[in-house]
Amino acid sequence: MLQTRVIPPAEGAYQYPLLIKRLLMSGARYEKTREIVYRDKLRYTYPTLIERVARLANVLTAAGVKAGDTVAVMDWDSHRYLECMFAIPMIGAVIHTINVRLSPEQILYTMNHAEDRFVLVNSEFVGLYQAIAGQLTTVDKTLLLTDGDEKTADLPNLVGEYETLLAAASTHYTFEDFDEHSVATTFYTTGTTGNPKGVYFTHRQLVLHTIGVATIMAASTACVCWAPTMCTCPSRRCFTSTPGACHMWRPCSASSRSTPAATTRNTWWSCGAKRRSRSPLCADHPADAAQRQGRPGCGFWRVENRDWRQCPQPLAV
């Protein structure tokens, strides 16, 4: 390594680590009234998000989750997933975003390989979890996630139901600093050439990625526009580098122009201009046709159950 002149920091100087808890700051600071929308079931603002993240952190630590543990999530893209994507890494644990599209055998493999200790299970996946529970080697406890009225399920070592536990938890939690190179997330490939392969992101990587995306979006004059509510999917399943599409961590990014998440199961938002990838999310859709016919293609479209539909008028940045 090249030897250069390094001036050591002053004694007592704060060494600012790039941790994802920093990404929550701008949301409450600049967009207090912006809403985070989950389907037609729930709406809340950034200050409420921060409170719910603190509540979840208290629930997890009370259940025995410690720094370095891996906490798995089996859920659809929801407000709960968004809260987990912050709370779990912010207490020093690692979130394993389980790919529920894998076969039960592959899901079992990824959970054992990741050494999951705690699993949050959506009620729709209880049967799937029960089928592999007996072969899991490291899981200690489970927690139920549900949109329904039934608040219990036949899960081994069930701690309780998500909303019930959050309602009883404190809204205050002291999130301590730690090494920015700590692993924050882990997930697995689809295993098309053998067993799924594990991938991870550190806190530093996620923060730098968020700042980079926010800078590009704020500075671009090509066609950067936002719908009033926009999808921010907190799982790697819909992570893409497409301008205007779903980006992990954008809801609380450094840009004050960030928009809230409308995380839904069947709705995806995508900007119709200057896409640089041809992922399934960005297949040839009406905005492309509009561009080819000489009309502006800078409108938001959404995919609902595989059908493109024009969205409300977007807001220009």
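1. A word on conventions. This is a predicted model, in which local features need pLDDT of at least 70 and side-chain atom pairs count only at pLDDT 80 or more, while totals for chains, interfaces and linings use all residues. Residues are numbered from 1 along each chain as its sequence is written, and side-chain values use heavy atoms, with hydrogens and water left out.

2. Strand 3 (residues 70–74) is largely enclosed by the rest of the structure, because five of its five residues are buried. Buried means under 20% relative accessible area and exposed over 50% (1.4 Å probe, protein chains only). Thr70, Ala72 and Met74 lie on one side, with Val71 and Val73 on the other. Helices (H or I, at least four residues) and strands (E, at least two) are DSSP runs, numbered from the N terminus.

3. Strand 3 runs parallel to strand 5 (residues 116–122), with five bridges joining them; here Val73 stands opposite Leu120. Four bridges join strand 3 to strand 4 (residues 94–97), also in parallel, and Ala72 has His96 as its bridge partner there.

4. Buried in helix 7 are His203, Leu206, Val207, Thr210, Val213, Ala214 and Met217. They cover an arc of only 130° around the axis (taken from the directions from the helix axis to the C-beta atoms), so they sit on the same side of helix 7. The face turned away from that buried side carries the exposed Ile216 and Ala219.

How values were computed
Pairing = 2+ DSSP bridges.
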